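The account begins with one chain and then turns to its partner.

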Amino acid sequence: MPYVKTLIDRLLSIQERFYPEAKEYLNMGEGKVSLLRVVGIDGETVLLKCQGGRIQYAQGNETPLHIFRCTSDTFLDILSGDEDLREAITKGHFLIESASTGTIDLVEMERWSKAFERLRGLVTKYVAPK
Amino acid sequence: MAHETPLYKKILNPNTFIKLMLMKRIGIVSGKGGVGKSTIAASIALALASKGFQVGLVDVDVTCPNVPDILGKSELEITMDDRFAPSIARGVKYVSIGQIAREGNPILWDPKDLRSAAKQLLERTEWGSLDYLVCDFPPGFEAETLELLPLMDCILIVTTPSALSRSKVERMVEAAREFQIPVLGVVKNMSYFECPSCGSRHRIFAEDHSFEELGIPTIAEFPLNSKIANEKCINDFPVEAFLEALKHPVLLKKRPKSLRRKLLELIFKVKR
């Protein structure tokens, strides 16, 4: 099984456990479809969609408002806290694009960066630092 | 995969377009970096605001923003309709990518994203009704400049009076001719050093260029001094001279077509 699919399968299986902390993200995404494209080290791509408060595999026929792109390395870096989302976006590691223009969406970028910073505050409060 | 947007949504929102067209859009440009363009842009905005005008300042230099270093790095708020609420400092509304990117983090985006980001800073900010919108451009002809320069009502060229700078001013003047954008004039920055003890002026650059032969007036000349460097803006910017120049910007005519060229046009029209 490709590396990125293994990674995503494992994360999706534990997303329920993190549901309360992810509420802010879910509220932001209410009613919208965003696609997350994760590219693995072996070149394999997994397309996920964020809809209805859950992250699922995308079918490919969705009509998203935004597309988020990153490599699996960046995905892990952000999840682990090794890389800040805002930093990843400015360095071009994590792209938030408007599906209609195909270019970066600044407002969405600022919105997600702020949400990430608020959530990170919550997570670091309860999780022991490494 | 991408969502097919109807054409009417792809063009600028009519409300935004009308608001942008009603305000006087002034581009502050330079042919090279390090001439003090952002300092001049902020100084102009602050001077206009001090005269009671409604002024906005947009930092179009996406890869090297300077405006937050001058006016303050406050967080950008997002309005209910997905737009930026500009920060306000000393009566000037301003917005910059420097308020989104973390200090020390480079912006490493594709040129298409740089153009889009610059455009979004201008169009997706809730400016309200402004008398003047001052746009601080990156030096030279970056992607952001090519995207937004045609939208300006006029430009002001900032330069230092060095031999290297002269050709850059000429290029900027030619660009203004190409885009048919009126030029207010030139501001010569770091033009001389004034001795704090005796007050004598020393020209730092041996040559002191006038740009009159290009048809461009010199609006103002500023010294190299620690006060400006420390305060990061010129508190006594000559706003009256600037407002006077705004009344009579110079629109450089495109080169006239030669007789041979007109003849060819005639021939091809007849052939058709």
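## Chain A: contacts and elements

In chain A, residues 24 or more positions apart supply 62% of the contacts that have a separation of 6 or more. The model under discussion is a predicted one. Chain A has 130 residues, and buried residues make up 31% of them.

Five helices and five strands are found in chain A. Read from the N terminus on, the elements of this chain follow the order α-α-β-β-β-β-α-α-β-α.

## A:Asp77 and its surroundings

A:Asp77 belongs to helix H3 of chain A, which covers residues 72–80. It counts as partly exposed because it has 19 C-beta neighbours inside 10 Å, and a residue is buried if 20 or more lie within that distance.

Residues up to four places away in sequence being left out, A:Asp77 touches A:Asp82 and A:Glu83. A further residue for reference is A:Ala88, which stands 11 residues from A:Asp77 along the chain; the C-alpha atoms of the two are separated by 9.2 Å.

## Where the chains meet

On the side of chain B, 23 residues are in contact with 20 residues of chain A. Helix H5 of chain B, residues 111–123, gives the most to this side, with five residues.

## The open sheet of chain B

Eight strands of chain B form an open sheet with mixed pairing, in the order S5-S6-S2-S7-S1-S8-S9-S12. Its edge strands are S5 (87–89) and S12, each of which pairs on one side only. On average, and with direction ignored, neighbouring strands of this sheet are turned by 25° against each other. In general, the strands of a sheet pair through backbone hydrogen bonds, in either a parallel or an antiparallel manner.

Strand S8 (residues 154–159) in turn pairs with S9(B) in the parallel sense over five bridges, and B:Ile157 has B:Val186 as its bridge partner in S9(B). S9(B) and strand S12 of chain B (residues 218–221) pair in the parallel sense over three bridges; the bridge partner of B:Val186 in S12(B) is B:Thr218.

Strand S9 of chain B comprises residues 183–188 and is mostly covered, with six of its six residues buried. Together with S8(B) and helix H7 of chain B (residues 163–179), S9(B) makes a right-handed β-α-β unit.

Which elements does H3(B) lie across? This helix lies across S1, S2 (55–59), S6 (92–96), S7 (132–136), S8 and S9 of chain B, and runs at about 170° to S7(B).

The largest nonpolar core has 95 residues, and those with the most contacts inside it are B:Ile28, B:Ala45, B:Leu57, B:Val134 and B:Cys135. Helix H3 of chain B, residues 37–50, gives the most to this core, with nine residues. In soluble globular proteins, nonpolar side chains tend to be buried together. Residues up to four places away in sequence not being counted, B:Leu57 touches B:Ala41, B:Ala42, B:Ala45, B:Val67, B:Val92, B:Tyr94, B:Val134 and B:Asp136.

## Two residues with positive phi

B:Asp82 is found in the loop between strands S3 (77–78) and S4 (84–85) of chain B. Its phi is near 60°, a positive value in a residue other than glycine. Is B:Asp82 buried or exposed? B:Asp82 counts as exposed because it has 11 C-beta neighbours inside 10 Å, and the exposed class covers 12 or fewer.

B:Arg90 lies in the loop between S5 and S6 of chain B. Phi of B:Arg90 is near 50°, again a positive value in a residue other than glycine. With 14 C-beta neighbours inside 10 Å, B:Arg90 counts as partly exposed.

Definitions and conventions:
Residues numbered from 1 in each chain as written. Chains lettered and ligands numbered in written order. Predicted model: local features only at pLDDT ≥ 70, side-chain atom pairs only at ≥ 80, totals over all residues. Contact = placed C-beta atoms within 7 Å. Helix = DSSP H or I, 4+ residues; strand = E, 2+ residues; numbered from the N terminus. Pairing = 2+ DSSP bridges. Right-handed = clockwise from strand over helix to strand, strands pointing away. Core = buried A, V, L, I, M, F, W, Y, C linked by C-beta atoms within 7 Å. Axes fitted to C-alpha atoms, helices over the stretch in contact; angles between N-to-C directions.
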